[in-house]
Amino acid sequence: MKTRYLFPYRFKKFGWILFLIGIITYLLMMFLPDDTDISLSTKVFALIYDSFSEGNQYFLWITNDVMDEFVFITIIIGGLLTGFSRVKHEDEYTYMLRTESLVWSFYVNFGLLLFLTIFTYGMIYLSIITFNLFSCLLFFIIRFHYLLYKSKKTLKNEE
């Protein structure tokens, strides 16, 4: 079966490594005490910079802690490689599982976002929106690999 838009199988392992490093670092950043210093400050180019004292500024170099950007990029790239790399034996069934998992993850993600939008207020909502940046990818990976595991287990039981 010719699968378009999927990465080669060999990218999956690298994707898992990036994804897990990103998730673990994200959890550490969220749950470690505020006085714990996990930062990576450097000069970066900003298309738009929102300065409280000076308002919006455009196209300038600023010094910024880029640890959160590094973590999100790691999660997103790792998640894309993990979720959208071919499996060892890619066929119509795995394609169907992938498609169903993707649709399911969108429903769960936006259902959860809708629920939390209605019942969550204040600054914690910013954390929810931040988590929402990659939660759909996370739900997709969990669901797809769970269905793959379940189908392999069923196949072994039938043999």
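Begin by selecting Val87, Thr94, Leu148, Ser151 and Lys152, which lie nearest the centre of the second largest pocket, a space lined by 15 residues. Here a pocket is an open set of points on a 1 Å grid over the protein atoms alone, where a 1.4 Å probe fits, with protein on both sides within 12 Å along at least five of seven lines, and lining residues have an atom within 4 Å of a point. The model is predicted, so local features need pLDDT of at least 70 and side-chain atom pairs count only at pLDDT 80 or more, while totals for chains, interfaces and linings use all residues. Residues are numbered from 1 along each chain as its sequence is written, and side-chain values use heavy atoms, with hydrogens and water left out.

Next, colour H4, which gives the most to this second lining, with five residues; H1 and helix H3 (92-119) also supply at least two residues each. The second largest pocket holds about 390 Å³ of space.

Now move to the largest pocket, with a volume of about 530 Å³, and select Tyr26, Met29, Met30, Asp68 and Phe72, the nearest to its centre among 18 lining residues. Helix H1 (11-31), helix H2 (67-83) and helix H4 (124-158) each give two or more residues to this lining, and the largest share, five residues, comes from H2.

Finally, show strand E1 (41-51) and strand E2 (55-65), each of which supplies at least two residues of a nonpolar patch. Tyr58, for one, is found in strand E2.

Conventions
Helices (H or I, at least four residues) and strands (E, at least two) are DSSP runs, numbered from the N terminus. Grid points are joined across faces, edges and corners, and a volume is the space filled by probe spheres set on the points.
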